[in-house]
Amino acid sequence: MCRNIRQLHNFEPPATGDEVRAAALQYVRKVSGSSKPSQANQAAFDAAVEEIAAVTQDLLDHLVTSAEPKDREVEAAKAKERARVRYGRAG
């Protein structure tokens, strides 16, 4: 799985359209093997990003859970701490 694609479901506040599109862009980059498509492939690349973003947003809109929403700031702090431990950086 692409490490740059983050979980978007069950956060407070909910994922923004920009976050959904960024995840779609990362997905298309990963599966196409290209971060910057050629001019010949640009239209297909852009269309794929938009379609995947729309499907992703639809999925997020329809998912249900009984779990409490996660706090973005708390989850970001946990991720920073994991990175600090993993890479041996002083806090």
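User: Hi! Where is the place of E68?
Analyst: E68 sits in the loop between α2 and β2 (70-71). Helices (H or I, at least four residues) and strands (E, at least two) are DSSP runs, numbered from the N terminus. This is a predicted model, where local features need pLDDT of at least 70, side-chain atom pairs count only at pLDDT 80 or more, and totals for chains, interfaces and linings use all residues. Residues are numbered from 1 along each chain as its sequence is written, and side-chain values use heavy atoms, with hydrogens and water left out.

User: Is E68 buried or exposed?
Analyst: E68 is exposed, at 68% relative accessible area. Buried means under 20%, exposed over 50%, and partly exposed in between, using a 1.4 Å probe and protein chains only.

User: And which backbone oxygen does the side chain of N10 reach?
Analyst: The side chain of N10 reaches the backbone oxygen of E68 at 3.2 Å. N10 itself is in the segment before β1 (11-12), and with 17% relative accessibility N10 counts as buried.

User: Which residues does N10 touch?
Analyst: Leaving out residues up to four places away in sequence, N10 touches T65, A67, E68, P69 and K70. Contact here means heavy atoms within 4.5 Å.

User: What about the backbone of N10, what is phi?
Analyst: Phi of N10 is near 65°, a positive value in a residue other than glycine. Most residues other than glycine have a negative phi, and most peptide bonds are trans.

User: Where is there a cis peptide bond, then?
Analyst: A cis peptide bond joins E12 and P13, with omega about -5°. P13 belongs to the loop between β1 and α1.

User: New topic: at what angle do the axes of α1 and α2 cross?
Analyst: Helix α1 (residues 17-32) and helix α2 (residues 39-62) have axes that cross at roughly 130° and come within 8 Å. Therefore α1 and α2 are oblique to each other. Angles under 35 degrees count as roughly parallel, over 145 as roughly antiparallel, 65 to 115 as roughly perpendicular and the rest as oblique.

User: Which residues meet there?
Analyst: From α1, V20, R21, A24, L25, Y27, V28, R29 and S32 meet F45, A48, V49, E50, I52, A53, T56, Q57 and L60 of α2. The residues of this contact divide into eleven nonpolar, three polar and three charged.

Note on methods. Axes fitted to C-alpha atoms, helices over the stretch in contact; angles between N-to-C directions. Nonpolar A, V, L, I, M, F, W, Y, C, P; charged D, E, K, R; others polar. Polar contact = N/O pair within 3.5 Å; in protein donor to acceptor, adjacent residues only side chain to side chain.
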